[in-house]
Amino acid sequence: MPEVIFNGPAGRLEGRYQAAKEKNAPIAIVLHPHPRFGGTMNNQIVYQLFYMFVERGFTTLRFNFRGIGRSQGEFDHGTGELSDAASALDWVQSLHPDSKQTWVAGYSFGAWIGMQLLMRRPEIEGFLSIAPQPNSYDFSFLAPCPSSGLIIHGGKDRVAPPRDVQTLVDKLKTQKGIVITQKTMDDANHFFSDRTDELIGECADYLDRRLAGELSDPRPKRLR
């Protein structure tokens with residue numbers, strides 16, 4: 001798993017990158033939790049999501065947002081971090097121009113950034129949104145949400161209360177042309193304490209089903 005440094009909008013960004021053997025393999029980018037609350041690319045959930053994609057033949061990148069680890073710059077309340085994510089995806093795509101499919105996965109703050117990236121990049125075919133926080137961050141930009149994906153959260157999450165996540169899911173499920181899959185892990189908190197393996201298992205099961213052609217609208221996605 002090579003350590004990489006690539007150029008971002010506020011300076012160099014530090015990441016971990018694993019190229020797939022197939023030239024046209026799908027790309028996955030994994031986004032970490034809030035930088036001000038200890039979030040880094042080495043968060044255990046981010047780390048395991050990274051390897052979940054690698055094991056399924058994806059070219060995969062996780063990286064530190066600006067100001068974390070060896071990434072340059074300062075925290076920018078989401079605006080700069082979205083630019084970081086776009087630059088990270090640009091960097092991977094420049095190395096793998098034959099890739100035909102892209103996924104984004106994000107945890108907590110990273111889920112918010114990932115969903116915004118989804119709106120900007122029509123080539124993103126699927127998403128994993130883990131413990132999103134619609135009570136803290138505005139998700140109204142998902143109008144409409146352009147891709148099918150998984151929203152998974154804890155039933156005992158006090159950081160992102162289940163009722164707020166449910167409101168977001170219900171809104172997205174009214175949209176045509178996509179399939180939103182929701183999974184509530186009843187006894188899990190925001191950090192999935194003692195439940196990380198189960199969380200990754202649920203994400204892996206969803207990804208496997210999507211790769212088999214399930215849980216999404218069968219019509220091909222049109223690139224804008």
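Modeller: Before we start, helices here are DSSP runs of H or I with at least four residues, strands are E runs of at least two, and both are numbered from the N terminus. What you see is a predicted model: local features need pLDDT of at least 70, side-chain atom pairs count only at pLDDT 80 or more, and totals for chains, interfaces and linings use all residues. Residues are numbered from 1 along each chain as its sequence is written, and side-chain values use heavy atoms, with hydrogens and water left out.

Colleague: How much of the chain is buried?

Modeller: Buried means under 20% relative accessible area, exposed means over 50%, and partly exposed is in between (1.4 Å probe, protein chains only). Among the 224 residues of the protein chain, the buried share is 54%.

Colleague: Which share of contacts joins residues at least 24 apart?

Modeller: A contact here means heavy atoms within 4.5 Å. Look at contacts between residues at least 6 apart in sequence, and the share joining residues at least 24 apart is 71%.

Colleague: How far apart do the centres of the positive and negative side chains lie?

Modeller: Lys and Arg count as positive and Asp and Glu as negative, while His and the chain ends are not counted. Each charge is placed at NZ of Lys, CZ of Arg, CG of Asp or CD of Glu. There are 26 positive and 26 negative side chains, and the centres of the two sets are separated by 4 Å.

Colleague: What does the UniProt annotation say about residues 29–132?

Modeller: Over that stretch the chain is 39% helix and 20% strand, with the end C-alpha atoms 17 Å apart. UniProt positions follow the numbering used here, feature names are shortened, and annotations may be inferred rather than shown by experiment. The entry is unreviewed, and its annotation reads "domain: Xaa-Pro dipeptidyl-peptidase-like".

Colleague: Is Thr 40 buried or partly exposed?

Modeller: Thr 40 sits in the loop between β3 (27–31) and α1 (44–55). Beyond four places in sequence, Thr 40 touches His 32, Pro 33, Val 46, Asn 64 and Ile 68. With a relative accessible area of 24%, Thr 40 is partly exposed.

Colleague: Where is Val 169 found?

Modeller: At 0% relative accessibility, Val 169 counts as buried. Leaving out residues up to four places away in sequence, Val 169 touches Ile 151, Ile 180 and Gln 182. The element that holds Val 169, residues 162–173, is helix α4.

Colleague: Which residues does Gln 93 touch beyond four places in sequence?

Modeller: Gln 93 is part of helix α2 (residues 79–95). From Gln 93 to Pro 9, 84 residues along the chain, the C-alpha atoms are separated by 16 Å. The residues Gln 93 touches are Ile 27, Thr 102, Arg 121 and Glu 123.

Colleague: Which residues does the cis peptide bond join?

Modeller: Look in the loop between β6 (124–130) and β7 (148–154), where Pro 144 lies. Omega is about -5° there, and the cis peptide bond joins Ala 143 and Pro 144.

Colleague: What is the phi of Ala 131?

Modeller: Ala 131 is also in the loop between β6 and β7. Its relative accessible area is 0%, so Ala 131 is buried. Although Ala 131 is not a glycine, its phi is positive, at about 50°.

Colleague: And what about the phi of Leu 215?

Modeller: Leu 215 lies in the segment after α5. With a relative accessible area of 21%, Leu 215 is partly exposed. Leu 215 is not a glycine, yet its phi is positive, at about 60°.
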